[in-house]
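Biologist: I have the model open and would like to go through it with you. Could we begin with the ligand site?

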Amino acid sequence: MFQRIAILGIGLIGGSIARAARALGLAQTIALYDADASVRGRCRELELGEICDKIEAAVSGADLIVLAVPVGAMGAAMQAAAPAIAEGAIVTDVGSVKGAVIDAVAASLPAHALFVPGHPLAGTEHSGPDAGFATLFKGRWHILTPLEDARPGYAAAIDKLEGFWRALGANVERMDPARHDVVLAVVSHLPHLIAFNIVAMAEDLESVTESEVVKYSASGFRDFTRIAASDPTMWRDVFLNNRDAVLEVLGRFSEDLAALQRAIRWGDGETLYDLFDRARRMRREVIEAGQDTPAPNWGREN
Ligand code: NAP
């Protein structure tokens, strides 16, 4: 599909793309670069592809360049890569935020490159090159947020990239970048913020609860700890770069939480029941859409 894919940033996502593309034979060469020398060393041990010590060496001659660094590092990675990008190369990214990343990348994108932003809705709470695996994107969504670019070749570049993600096993959808940022604020960013907050609050209360939070965590708390174990750099960058959408959704969430607080205070069981019932129906919809297992307790044994 491609002669040379250059992946910049070899963490969970970059490492997974490299493994999957190699397993499926989607490129003649897969070149990888990471700013961290110890990560490059580990990737050599893992034999993830041609590991380059300079970003220009990875990008040079590539017909697909994937930016897989944290959202806050996208602009710097693009700036460093730009001088080596070949005429007509497709540039994409995997950032969890689209509007801010598009602005950051566009600032130094060479005019002769074709930039098609994207975001795989796939991941785990683990990070680094060891965390990646070839089947990460299988059956998951990949959202492309193409730009308004009327140049000849741009539409073909979108189609080719869509074919690449489909080959990795993803279902691909196209979306406006601003819409992506609002939708993701609801389904991903706010849930992470709530998880970080609950877990940090429990840690603050540790002296009162005397380790009982950890002891009885299977009551629900442990599921928040899984989400809250996600990479702090990645999530700091998500909130700093999707500020408007997150603040809007958070405002709505805080209002609804205040209404729940009032219902509890005034013994308004009907309000509580109605909301819990609506929420429960949403769980059924998620299962019907194939986004989670119907097995009790997520199929865990305990
Ligand atoms: P990760 O495991 O932390 O890996 C990112 C790697 O990029 C790190 O090794 C980092 O090195 C390196 N890096 C940082 N700045 C760089 C630069 N300027 N040039 C080259 N390498 C650089 O992160 P990840 O989880 O794969 O996430 C990567 C991207 O995917 C992020 O934009 C994230 O929003 C997006 N994403 C993540 C998930 C998820 O669940 N994890 C899901 C969908 C999308 P240092 O450690 O030295 O900084």
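Modeller: Of the 26 residues around the ligand, those that come nearest are Ile13, Asp34, Val69, Ser96 and Gly128; a residue counts as near if one of its heavy atoms lies within 4 Å of the molecule. This is a predicted model, in which local features need pLDDT of at least 70 and side-chain atom pairs count only at pLDDT 80 or more, while totals for chains, interfaces and linings use all residues. Residues are numbered from 1 along each chain as its sequence is written, and side-chain values use heavy atoms, with hydrogens and water left out.

Biologist: What is 2.7 Å from an oxygen atom of the ligand?

Modeller: That is an N or O atom in the side chain of aspartate 34. A polar side-chain atom of aspartate 36 lies 3.4 Å from a ligand oxygen atom, and for leucine 12 a backbone N or O atom is 3.0 Å from one.

Biologist: How much of the ligand does the protein bury?

Modeller: The protein buries 82% of the 900 Å² that the ligand exposes when taken alone, with accessible areas from the Shrake-Rupley method and a 1.4 Å probe.

Biologist: Changing topic, which domains does the assignment give?

Modeller: Domain 1 covers 2-175 and domain 2 covers 179-267; the bounds come from an automatic or database domain assignment. Their centres, taken over C-alpha atoms, are 30 Å apart.

Biologist: How many residues are in contact between them?

Modeller: 16 residues of domain 1 contact 15 residues of domain 2, contact meaning heavy atoms within 4.5 Å.

Biologist: And which residues form a salt bridge?

Modeller: Arginine 226 pairs with glutamate 125, their closest N and O atoms being 3.5 Å apart; the rule asks for a side-chain nitrogen of Lys or Arg within 4 Å of a carboxyl oxygen of Asp or Glu.

Terms used: Polar contact = N/O pair within 3.5 Å; in protein donor to acceptor, adjacent residues only side chain to side chain.
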